[in-house]
There are 2 protein chains.
Amino acid sequence: MNINVEFINSFVRSTVHVLKTMAFTEARAGKPYIKTNGEASGDVSGIIGMTGEHEGSMSLSFTAACICAIVSSMFGEPFENINDDVKDAVGELTNMICGDARRELEEKGYLIKGAIPSVVTGNNHHIKHVSNDPVIAIPFATGTGSFVLELSLSA
Amino acid sequence: MNINVEFINSFVRSTVHVLKTMAFTEARAGKPYIKTNGEASGDVSGIIGMTGEHEGSMSLSFTAACICAIVSSMFGEPFENINDDVKDAVGELTNMICGDARRELEEKGYLIKGAIPSVVTGNNHHIKHVSNDPVIAIPFATGTGSFVLELSLSA
């Protein structure tokens with residue numbers, strides 16, 4: 001089971017960076033762990049596939065309270081439920097976090113392309129990455145709730 | 001708003017072909033339409049991103065009854081709820097339908113790569129393709145329920 005720690009580090013860094021610069025939100029990364037069972041769950045998730053020399057997928061899963069606080073901070077107006085604006089913001093954050101990590105990895109010689117993201121809504125839905133590679137889960141804490149990033153990317 | 005009809009035709013053909021050969025299930029395609037609002041909903045969905053000369057994403061959304069009948073036929077044993085085997089089968093069908101369509105399109109000169117699929121579960125979840133390209137929905141009917149394929153792929 002091969003895991004490239006540089007991949008994990010880049011996605012952690014880009015998540016903190018994008019949330020700080022785009023949504024004025026401080027996110028603290030918890031300890032990454034390998035998922036052995038269970039699936040990411042949340043009320044809204046962004047999912048994006050990756051191709052190229054390394055293939056995989058990344059998801060970001062938020063509770064409703066956590067994403068509404070992030071998007072309220074992002075736009076400077078209150079959002080109280082997961083409407084179309086919030087969904088679009090989740091898609092945009094997914095795109096930017098994946099793109100920022102891929103740019104850093106490209107500078108290190110890893111060529112990875114990002115696909116078009118999808119946004120899933122539905123109370124307490126679950127996401128399973130269909131891959132033979134390990135799935136790494138990284139929990140993040142913000143002042144208004146937690147979210148989880150999951151990454152499965154071939155080493 | 002550009003739509004390449006060859007893309008739609010290839011995904012319709014591959015869906016019918018893969019379900020017939022892998023799951024011994026006859027699927028009849030309804031009339032494709034452009035989604036102007038609303039989102040695909042289902043109890044289980046497979047999602048796959050695409051990159052290359054044409055970028056986008058494809059989803060397949062099934063009701064629980066429909067996918068359980070398909071997977072029961074696929075494995076020759078009864079499946080009554082969406083367990084891990086059913087989720088894996090949705091991931092596999094998503095991969096094969098996308099791969100079969102991409103192979104046909106490659107023969108016509110369209111180079112498209114497929115990412116790793118994800119499988120979403122959760123009663124009545126919704127999926128939104130985050131793209132500036134139109135989203136085409138194609139309803140399919142089987143003897144045991146209906147499902148929908150959604151495709152957003154840049155022309």
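Copies are superposed by least squares on the C-alpha atoms of residues with pLDDT of at least 70 in both.

## Basis of the model

This is a predicted model, in which local features need pLDDT of at least 70 and side-chain atom pairs count only at pLDDT 80 or more, while totals for chains, interfaces and linings use all residues. Residues are numbered from 1 along each chain as its sequence is written, chains are lettered from A and ligands numbered from 1 in the order in which they are written, and side-chain values use heavy atoms, with hydrogens and water left out.

## Relation of the two chains

Two copies of a chain are related by a rotation about an axis and a shift along it. Here chain A is superposed on chain B by a rotation of 180 degrees with 0.0 Å of shift along the axis, and the RMSD is 0.0 Å. The two copies are therefore related as by a two-fold rotation axis. Within chain A, the C-alpha nearest that axis belongs to Gly49(A), at 2.5 Å.

## Interface of chain A and chain B

Contact (heavy atoms within 4.5 Å) involves 30 residues of chain A and 30 residues of chain B. Of the interface residues of chain A, 100% are also interface residues in chain B, so the copies meet through the same surface.

Buried area is the accessible area (1.4 Å probe) that two parts lose on being put together, summed over both. Between chain A and chain B it is about 2,400 Å², and carbon and sulfur atoms give 54% of this. On the chain A side, Ile116(A), Lys128(A) and Val130(A) lose the most area to chain B, together 27% of what that side buries.

Four salt bridges are found across the interface of chain A and chain B, a salt bridge being a side-chain nitrogen of Lys or Arg within 4 Å of a carboxyl oxygen of Asp or Glu. Lys128(A) forms a salt bridge with Asp88(B), at 3.1 Å from N to O.

Side chains of opposite charge can pair when their charged atoms come close. Over all chains, the structure holds 18 salt bridges. Secondary structure elements are DSSP runs numbered from the N terminus, helices being H or I with at least four residues and strands E with at least two. For accessibility, buried means under 20% relative accessible area, exposed over 50%, and partly exposed in between (1.4 Å probe, protein chains only).

In one pair, the closest N and O atoms of Lys108(A) and Glu6(A) are 3.7 Å apart. Lys108(A) is in the loop between helix H3 (84-107) and strand S5 (112-114) of chain A, and Glu6(A) is in helix H1 of chain A, so the pair ties together parts that are 102 residues apart in sequence. Lys108(A) is partly exposed at 44% relative accessible area, and Glu6(A) is partly exposed at 31%.

Arg13(A) and Asp100(A) meet in a salt bridge at 3.2 Å, N to O. Arg13(A) belongs to helix H1 of chain A and Asp100(A) to helix H3 of chain A, so this pair ties together parts 87 residues apart in sequence. Arg13(A) is partly exposed, with 31% relative accessibility, whereas Asp100(A) is buried, with 14%.

A further salt bridge joins Lys35(A) and Glu150(A), whose closest N and O atoms are 2.2 Å apart. The pair links distant parts of the chain, 115 residues apart: Lys35(A) is in the loop between strand S2 (33-34) and strand S3 (40-52) of chain A, and Glu150(A) is in strand S8 (residues 145-153) of chain A. Both ends count as buried, Lys35(A) at 16% relative accessibility and Glu150(A) at 2%. Salt bridges that share partners also join Arg13(A), Asp100(A), Arg103(A) and Glu104(A) into one network.

## Phe24 in both chains

Most residues other than glycine have a negative phi, and most peptide bonds are trans. Phe24(A) has a positive phi, near 50 degrees. Phe24(A) sits in the loop between helix H1 (5-23) and strand S1 (28-29) of chain A, and is exposed at 60% relative accessibility.

In chain B, phi of Phe24(B) is positive and near 50 degrees. Phe24(B) is placed in the loop between helix H1 (5-23) and strand S1 (28-29) of chain B. At 59% relative accessibility, Phe24(B) is exposed.
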